[in-house]
Amino acid sequence: MTNEQNSKDLPDIEVGEDHVLAHNVDDEPVEANRRLFEGGLLKFVAMLAIAYSAFHLYSLNIAPLETWSFRIVHIAGALVLGFVLFAGARFVSSEEGGARHRWTTWISAGAMLPALYVLYQTFSFWQMVQDGAMRIPVELEVWHFGWPLLAVTGIGIVMSWFHQRERSVFSVPDLVLIVCSLAVAAYFLVVYNTSMRMSTGTSFAPVGISFAAIAGTALIMELTRRVAGMALVIIGLVFLAYVFAGPYLPGFLGYPGLSVQRFFSQVYTDAGILGPTTAVSSTYIILFIIFAAFLQSSKVGDYFVNFAFAAAGRSRGGPAKVSIFASGLMGMINGTSAGNVVSTGSLTIPLMKKVGYSKQSAGAVEAAASTGGQIMPPIMGAGAFIMAEITGIPYTEIAIAAIIPAILYFASVYFMVDFEAAKTGMRGMREDELPKLRTMMKQCYLFVPIIILIVALFMGYSVIRAGTLATVSAAVVSWLSPNKMGLRHILQALEIASYMAIQIIVVCAAAGVIVGVISLTGVGARFSVLLLDVAATSQLLALIFAMFISILLGMGMPTTAAYAVAASVVAPGLVQLGIEPLTAHFFVFYFAVVSAITPPVALASYAAAGISGANAMETSVASFRIGIAAFIVPFMFFYNGALLMEAGWFEIARALVTATFGVYMLSGGVLGWFASISASWITRVLLIAAALLMIEGGLWTDLTGIALAILAFVIQKQRKTRLATAGAL
C-alpha cells in the first residue's frame, strides 16, 4: 500500500493549557490511489463497510457459518470494497478534463452484460442443485460460465489500468470486477456446499472450479497490486509460473507437474487461498482490526503518544525515545510497519529533527520502532496469529515466548537512540513543550481494554472471545474520556475497520496462493532437503542461509504475507534440523518482520524517508543499523531456549539480564559510544564480541563477555583520562 496522504490527515501539534501535543494520530492515512467519494455515494460505501465489519462480529460470536463459506464471503467482501475504494490507475483533476481514455468506459460497459450473465448463471446452478442435480452440465460451466468469466475479468483488469477519472468518480471497469468477484464467490458457495467439494484436486472436479479459481486468483492479484504494490504480485506470479515450468527445471526444483485444471481446482481450497492465511485473516486479524478501530475512534492513539511524551520527552533526544514507546504501542495494534510509520512518524519525525537528529536518523528511529511493534506482545501485529494457526501452538504460549525478544529489541533501539543523543549533545524537550504527566496518569484507564485483552487470554478465554470483550470495553471506557463513543462513533469504527482490513485480507489471500503452490508442488519439502544438505556442513551456515531466504521472501511485502510464505518454505527445513517448532517459526517470523528495514527494499524505511525528506536508501541503512539486535537475537534462540521462556525461571532471568547487558554493549559497539566517550575501533570490536558472547547465554560465554566488557571499560577510562589531560574534553 502506498503511504502518501493528504496534509489534512497528518497528526498535528498543539500546545495548550494541558500541554497536549498529539492530535489526529488515530486518523487513517488516505492512500494516493484511494477514491474520496461525496454525497450519497459516500454514504452507500460507508454502509457497505459497516455491514462488512458487522457481518464478521455476528458470524464470529453469534451465528457461525460453515468454514469454507465464511472464508469465501470474507474474501469476496474485501474484493468488492477494495475495487470500490482503490483505483487501478492514477487520478486526473478537473483541470485535466476530468477523464482520459474514454474508450475504457465504453469497452467496460460492453463487458458488463456478459459479466451480469455469468452472475446469473451461478443462480441457475444453485437452482439445479436445489432441484437435486448431482452435477452441473459441463457445457454450461465451460461456455456459459467459465470462458465468459475469464474474458470479462481480463477485460475489466486491463481497462482499469488505463481508466483515469477524478478522485470522487467511480469506475466502470471496477464495477465489472465487482460483478466478477460476486460471480466467483457465488459459484464457490454453490459448489462447495455440495458433495462436489470432495472432488477438488481430482479429474472428477467440476471444470467450473478451475475457471472460477483462475478468475478469483487474477482478481486477488490485481487488488494486491493496488493496495500493497508489485512485490507480492511478482513473487506470486513467479510461484504460479513454477507450477507449470517446474517439470522442466533441473535439480531439486524439478517435480512431476500438475495440469492447469488439477492445480486450480485445488488452489481455491484450504490447501491454498482458503487455507491458514485466510483462516487467520477471517477470524483473529479482522477481529483485532475492529478492536484497533474502536481504540482509534476513542482517540486512544493520541493518548499513547502524549503519555510517551510526558514520560520520556524530557530525557536527551526525547522525541526519539517517545517514538520508540509510542510506535511500539501503536504498531503492536495496527499490524503494519509502514502504515504505523505514517501515522505516528508524521508527528515524531519532525520533532526529532527539531532537537538535533539528522533526517536519516529521525526516519530510521521511527522505522525501527514501528517495525518492532510487530514483535511486541500481546497482539504482535498479525503474524503471531498465523504462527498459532500453522504450528498449532496456543497463542498465549507464543505471546509469552515473545516477551524477552521484544525487550531485547526495544532495549537495543533505546540504547542506540540514547548513545546518539549523548554523542551529539542533544537536549530533551522543555517542560512547556510536553504534556503534563499528572494529567496523563489521570487518563490511564484508557489502557483498560488492552489489560482486559491480556487478562482474558491468560484466563483461558478463546482469542475471539477475548478480542470481543476488549472491543466492547473500548467503547465502555471511552465514556470516561472526552471522546465518548455513541452509536455514530461505533458505526464509524466499524467503517474504519473495514477500510483498514482490506489490505491485510487481500494480502493474506495472495499469500495463500503462494502457500498453495508450495504445498501442492512439494517445493517446500525439497527446499528442506537442500537446507539439510547445507546443515551437514554447518548448522550455523544453514541458519544464515535460512535468514537470507526469509528476508529475500519478505522484501517489499507486508509482514503477514512475508511470514506466511517464509513459514511454508523455510520453517519446515529448520524443524527437520532438530530445532523446536516454536524456535524455528520465531526465527522465520523475526526476519520476515525486519525485512521492512532491510536494504535494499525496506518499506518502513521508505515510508519514514518520505516524511523526513531524507534519501530512502540512506534511511534504510540507518534503520538497519538501529535494529541490528533483531538480526542477532534469532540466532540465539537456537543456542539458548531461555530467550523464548523454554527453561527454568533462574535460567530465564539470567538470560534476560545478560542478554540485555549484551545488547547494551552491542549498541555501544555499533554506534561507537561507551563510558561517556566515543569509542576507538579496538573498544568497538571488544564491545561487539562481548555482546555476542553475552546474548548467547551460556555460563562461560557470559563470564568471557563480562571480562571483555571490563577490558573495554578500562580502555575507555584510560582514553578519557588522556583526552582530559590533553585538553580535548
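Colleague: Which residues of α12 meet residues of α13?

Modeller: In this predicted model, Ser 337, Asn 340, Val 341, Thr 344, Gly 345, Thr 348, Ile 349, Met 352 and Lys 353 of α12 meet Lys 359, Ala 362, Gly 363, Val 365, Glu 366, Ala 367, Ser 370 and Thr 371 of α13. They are said to be in contact because heavy atoms lie within 4.5 Å.

Colleague: What describes the packing of α12 and α13?

Modeller: Two packed helices are described by the angle between their axes and the distance between those axes. Helix α12 (residues 337-354) and helix α13 (residues 359-372) pack at about 140 degrees, and their axes are 9 Å apart. The crossing in which α12 passes α13 is right-handed.

Colleague: Why is the meeting of Arg 225 and Glu 222 called a salt bridge?

Modeller: The distance between their side chains is 2.8 Å, N to O. The term requires a side-chain nitrogen of Lys or Arg within 4 Å of a carboxyl oxygen of Asp or Glu, so the pair Arg 225 and Glu 222 qualifies. Both residues belong to helix α6 (residues 207-228), where they are 3 residues apart, about one turn of the helix. The structure holds 9 salt bridges.

Colleague: Which residues form the nonpolar patch on the surface?

Modeller: The patch is formed by Phe 661, Leu 699, Trp 700, Leu 703, Ile 706, Ile 710, Phe 713 and Val 714, with about 790 Å² of accessible area together. Helix α31 (residues 699-725) supplies the largest share, 7 residues; Leu 703 lies in this helix.

Colleague: How is the peptide bond from Pro 599 to Pro 600 described, cis or trans?

Modeller: This bond is cis, with omega near 5 degrees. Pro 600 is in the loop between α25 (581-594) and α26 (603-612).

Colleague: What is the phi of Ala 675?

Modeller: Ala 675 has a positive phi, about 55 degrees, although it is not a glycine. Ala 675 sits in the loop between β5 (673-674) and β6 (677-678).

Terms used:
Residues are numbered from 1 along each chain as its sequence is written. This is a predicted model: local features need pLDDT of at least 70, side-chain atom pairs count only at pLDDT 80 or more; totals for chains, interfaces and linings use all residues. Side-chain values use heavy atoms; hydrogens and water are left out. Axes are lines fitted to C-alpha atoms, for helices over the stretch in contact, and angles run from 0 to 180 degrees between N-to-C directions. Helices (H or I, at least four residues) and strands (E, at least two) are DSSP runs, numbered from the N terminus. A crossing is left-handed if the near helix is turned anticlockwise from the far one by less than a right angle, and right-handed if clockwise. Patches are made of residues with over 30% relative accessible area and no salt bridge: like charges are joined within 9 Å, nonpolar side chains (Val, Leu, Ile, Met, Phe, Trp, Tyr) within 5 Å. Accessible areas come from the Shrake-Rupley method with a 1.4 Å probe; for residues, only the protein chains shown count as cover.
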